[in-house]
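This report sets out selected structural features of one model. Please keep the sequence and coordinates at hand while reading.

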Amino acid sequence: MKFIIKFFPEIMVKGTPVKKRMTMQLAENLKRLLGRINEEIQIKRFHDKLEVYCADEWHLPVRDLLSRTPGIQQVLEVKHFETGDDLQQIAEKAAEFYLDKIQGKTFVVRVKRTGTHNHSSGDIERYVGSHLFQLGGSAGVDLRNAEVTVKLDLHNQILNVITDRFFGLGGFPMGGQGEVLSLMSGGFDSTVASYLTMKRGVKTHFIFFNLGGAAHEIGVKQVSLYLWGKYGASHRVKFISVPFEGVVEEIFRSSHESYMGVMLKRLMIHASEKVAEKMGIDALVTGESVAQVSSQTLRNLAVIDDASNKLIMRPLVVMDKPDIMAIADQIGTREFAESMPEYCGVISKNPVTNASFDRANKEESHFDMAVLEKAVAEAVSINVDEIIADVNQSQAVDVVNEVNEEVLIDIRRDDEQTSKPLLLEHLSMPFNLLGREFKKLDQTQQYLLYCDKGVMSQLHAQYLRDQGFENVRVYRPQD
Ligand SMILES: Nc1ncnc2c1ncn2[C@@H]1O[C@H](COP(=O)(O)OP(=O)(O)OP(=O)(O)O)[C@@H](O)[C@H]1O
């Protein structure tokens, strides 16, 4: 079957060389991504569209991939048949795909022809129209204001029928818009901010400041891997983890209580700048948004900005929280954000809301910058696609590969549990409900947690252990 890909309109209004570069970039990205589904999938590039050809068996994975690849506005699904210009065959194929769609609705048939045929386009339109009408159920033909257009394309002996259409993400193809380093804390805001830069075609690396929780780090790695795998996997990016416990201690020692929050953010920006510099990156991204918490005032954001010469991008700066949550739902990060362990370290009880530039500099002059240098020097950088191996290697909770008398708990999301059911006897407790539901279980039992990649189960097993459930391990069947 064939998919016809319409580019994002902002690409179409560019001058010819830019448009060409962007459409080539999208074709290259798709080639890389589709090749991971099946090597025989073909792509053809035209000035106004791309066409993807695949065997019918790859329909669903290809459709899914196209719906989440930046740069695509709309996709038409097309099936082709060798009907020649046999009117009856053409009408039957049209009925096969459109009869359902015209039930109770007015319709019109539009035919586009290339090549030589015995019938004119008008002949075919009239024949197919009357065939569909006679089959019943429609509200009749309306040549001017039809509710459904039956679109047929006869190309020499091949009839192309548009069987479905769906919208893509929009945005620009990944790779043409430079690179950023996104400060990722794993909550709603930084994940949505990172998604928005990825959708805009910006190669987005992740940096995480570990304030003292191994579980937090695993959670942030997991959501970064998820985001990248879903929306940015055409390009390899880095996940950088900076041990920030020492910095937090030093803030406690050197800062006034009301300035601790601002200092922490400034020091994160300082550290990100140093890492970005080494990577040749000009811009940082944060999930901050004006007035979301009392300390996110314009003045405080300006004082945080002052810590660096890098461009600081805040894609959510004027967005309302419900709109941010709606994006999190749409991109599938809500459950991750909700299950991220809360870190409540350097949160000033009475945070300054109108920080002064001079005072922030003065606070910083009391801070021993060698501590920050040390944290940056000890930062660990891995390719985001190596996260699974990395988490499994540094696991803090034992992993077993068979179930004996333990209670097995499937902690995957509901939709994953339904699409790939676990065949062993088990309890179902999706990870976003685990914290609440687990309290109801018998603490003396032994438990095994199961998830698809073994990352979330590590995170939650550690969390449950911290809550006093000592007999929790991870179940990872052998491949
Ligand atoms: N531990 C961290 N590592 C990396 N970046 C961080 C960390 N903590 C905060 N940030 C960055 O600072 C921004 C503001 O953080 P803050 O905790 O004030 O807000 P938030 O709205 O709760 O963030 P989020 O919802 O992304 O967790 C975050 O969106 C993120 O970009």
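## Surroundings of P70

P70 counts as buried because it has 25 C-beta neighbours inside 10 Å; a residue is termed buried if 20 or more other C-beta atoms, placed from the backbone, lie within 10 Å of its own, exposed if 12 or fewer, and partly exposed in between. P70 belongs to the loop that joins helix 3 (59-67) to strand 4 (72-82). Helices (H or I, at least four residues) and strands (E, at least two) are DSSP runs, numbered from the N terminus.

Leaving aside residues up to four places away in sequence, P70 touches L169, G171, F172, P173, M174, M198, K199, G201 and Y231. Here a contact requires C-beta atoms, placed from the backbone, within 7 Å. P70 and D442 are 372 residues apart along the chain, and their C-alpha atoms are separated by 47 Å.

## Basis of the model

This is a predicted model, in which local features need pLDDT of at least 70, side-chain atom pairs count only at pLDDT 80 or more, and totals for chains, interfaces and linings use all residues. Residues are numbered from 1 along each chain as its sequence is written.

## Overall architecture

The protein chain comprises 18 helices and 18 strands. Of its 479 residues, 38% count as buried. Along the principal axes, the C-alpha atoms of the protein chain fill a box of roughly 90 × 60 × 40 Å. Among contacts with a separation of 6 or more, 80% are between residues 24 or more positions apart.

Over residues 60-165 the chain is 33% helix and 33% strand, with the end C-alpha atoms 13 Å apart.

## Ligand shell

Of the 15 residues around the ligand, L183, G187, D189, S190 and G287 come nearest, where a residue is near if its C-beta atom, placed from the backbone, lies within 6 Å. Helix 6 (188-199) and strand 9 (203-210) are the elements that give two or more residues to this shell. Helix 6 gives the most, with three residues.

By class, the shell has seven nonpolar, six polar and two charged residues. Ala, Val, Leu, Ile, Met, Phe, Trp, Tyr, Cys and Pro count as nonpolar, Asp, Glu, Lys and Arg as charged, and the others, Gly among them, as polar.

## The annotated C451

The UniProt annotation "active site", from an unreviewed entry, covers C451. C451 is in the loop between strand 17 (447-450) and helix 18 (455-466). C451 counts as buried because 23 C-beta neighbours are inside 10 Å. Not counting residues up to four places away in sequence, C451 touches I411, R412, M456 and S457.

How values were computed: UniProt positions renumbered as here; feature names shortened; annotations may be inferred. Contact = placed C-beta atoms within 7 Å.
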